[in-house]
Amino acid sequence: MPTHSLQRTAHRLAVALASLWLGTVLPAAAEPDFSGVWGMVQHDRLGAPFFIPIEPKLNAPGKAVTEAFVAKYDVENLEANGSCVEPGMPTVMWGIGGAAMEIVQQPQRITLLSELANQSRRIFLDGRTAPADFPDQRVGYSVGRWEGDTLVIETTKVTEWQAPRWPHSDEFRITERWFFKNASEITITGLRPDRPPRVEGQVLINEMTMNDPKWYTDTDYKVTVVYRRLEDQVMLEDGCAEGIWLEALEKTAAPAPAEAR
């Protein structure tokens, strides 16, 4: 066999052996699986309503817009969620009132289903960017990427919100970092420092960084949310709109027939 043929054969054999060795000894690391039902662990930031983390400070334009909204509407006695308006981002991630959320994980997309107002988020993992012509919506548009064992999520196109509870402009942007950690490695004091919640095993950490160049004085405002896995939790339907429907029916109901004499 000619020398050059022997050299090619030896090279191919070396490449095949190297590929086999790399495939056996150094397998590709699988991304963490966040699938399951999760509930927010009550945080230790006292003074915030409904377990919602304390909001960032508003600058002068932000104050002007939100104060004008409050002056015009009676928002103290009219809660948006009482009229079945979805909390949207970032409030949906607080799990107001203990509402659970279910994470459905696929290679190209993560779908988050919240029991609160039946909201859903779609986090695309296929390398796309937020399309320029996509309309703003309450939960925004989310794209994610893996950085080792951490899922980094960028959310933009969140609908402007002028009412109390996390007001934000149309330039609001959120970066989330999801990763697992053992509960023993973090301090969880809860709302009652004298009675901390008992959390064991693996927890899901969501480090959220928020920016709003139009309305916030704070740059890179950070909130960390901790979730525990709810093994036996069954997701329920939030029938908020049924009350509005029943009220509308009663307003249009025909009068009852007079009793026969």
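**Figure 1. The lining of the largest pocket in this predicted model.** The largest pocket is lined by 25 residues. Those that lie nearest its centre are Glu79, Ala80, Asn81, Trp161 and Pro164. By class, the lining of this pocket divides into 15 nonpolar, five polar and five charged residues. The volume of the largest pocket is about 460 Å³.

**Figure 2. The largest cavity and the residues around it.** Rolling a probe the size of a water molecule over the atoms shows where empty space is left. Searching the whole structure gives one cavity of 30 Å³ or more. The space in the largest cavity comes to about 40 Å³. Its lining includes Trp38, Gly39 and Met40, as well as Val92, Met93, Trp94 and Gly95. Ala99, Ala100, Met101, Ser114 and Tyr227 also line the largest cavity. Strand 1, residues 36-40, gives the largest share of this lining, with three residues. Nine of the lining residues are nonpolar and three are polar, while no charged residues are found there.

Figure 3. Strands of a sheet pair through backbone hydrogen bonds, either parallel or antiparallel.

**Figure 4. Strand 1 beside strand 2, with Met101.** Strand 2 covers residues 101-105 and pairs with strand 1 in the antiparallel sense over three bridges. Gly36 has Ile103 of strand 2 as its bridge partner. Met101 also lies in strand 2. Is Met101 buried or exposed? Met101 has a relative accessible area of 4%, so the residue is buried, the cut-off for this being under 20%. Met101 is also one of the residues that line the largest cavity, and Met40 is another. Between Met101 and Met40 there are 61 residues in sequence and 8.8 Å in space, C-alpha to C-alpha.

**Figure 5. Strand 6 and the two directions of its side chains.** In a regular strand the side chains alternate between the two faces of the sheet. Thr150, Val152, Glu154 and Thr156 point one way from strand 6. Leu151, Ile153 and Thr155 point the other way. Which residues of strand 6 are buried? Seven of its seven residues are, and strand 6 is thus described as mostly covered.

**Figure 6. Strand 6 and its partners, strand 5 and strand 7.** Strand 5, residues 141-147, runs antiparallel to strand 6, and seven bridges join the two. The hairpin of strand 5 and strand 6 has two residues between the strands, and in this hairpin Gly148 takes a positive phi near 65°. Strand 7, residues 173-182, also pairs with strand 6 in the antiparallel sense, over five bridges. Here Val152 stands opposite Arg177 of strand 7.

**Figure 7. Thr155 and Ser142.** Thr155 lies in strand 6, which covers residues 150-156. Thr155 is the bridge partner of Ser142. The side chains of Thr155 and Ser142 also make a polar contact, at 2.7 Å. Thr155 counts as buried because its relative accessible area is 0%, and the cut-off is under 20%.

Note on methods:
Residues numbered from 1 in each chain as written. Predicted model: local features only at pLDDT ≥ 70, side-chain atom pairs only at ≥ 80, totals over all residues. Heavy atoms only, no water. 1 Å grid on protein atoms, 1.4 Å probe; cavity = no way out; pocket = protein on both sides within 12 Å on 5 of 7 lines; lining within 4 Å. Points joined across faces, edges and corners; volume = space filled by probe spheres on them. Helix = DSSP H or I, 4+ residues; strand = E, 2+ residues; numbered from the N terminus. Nonpolar A, V, L, I, M, F, W, Y, C, P; charged D, E, K, R; others polar. Pairing = 2+ DSSP bridges. Buried < 20%, exposed > 50% of the residue type's maximum accessible area, 1.4 Å probe, protein only. Polar contact = N/O pair within 3.5 Å; in protein donor to acceptor, adjacent residues only side chain to side chain.
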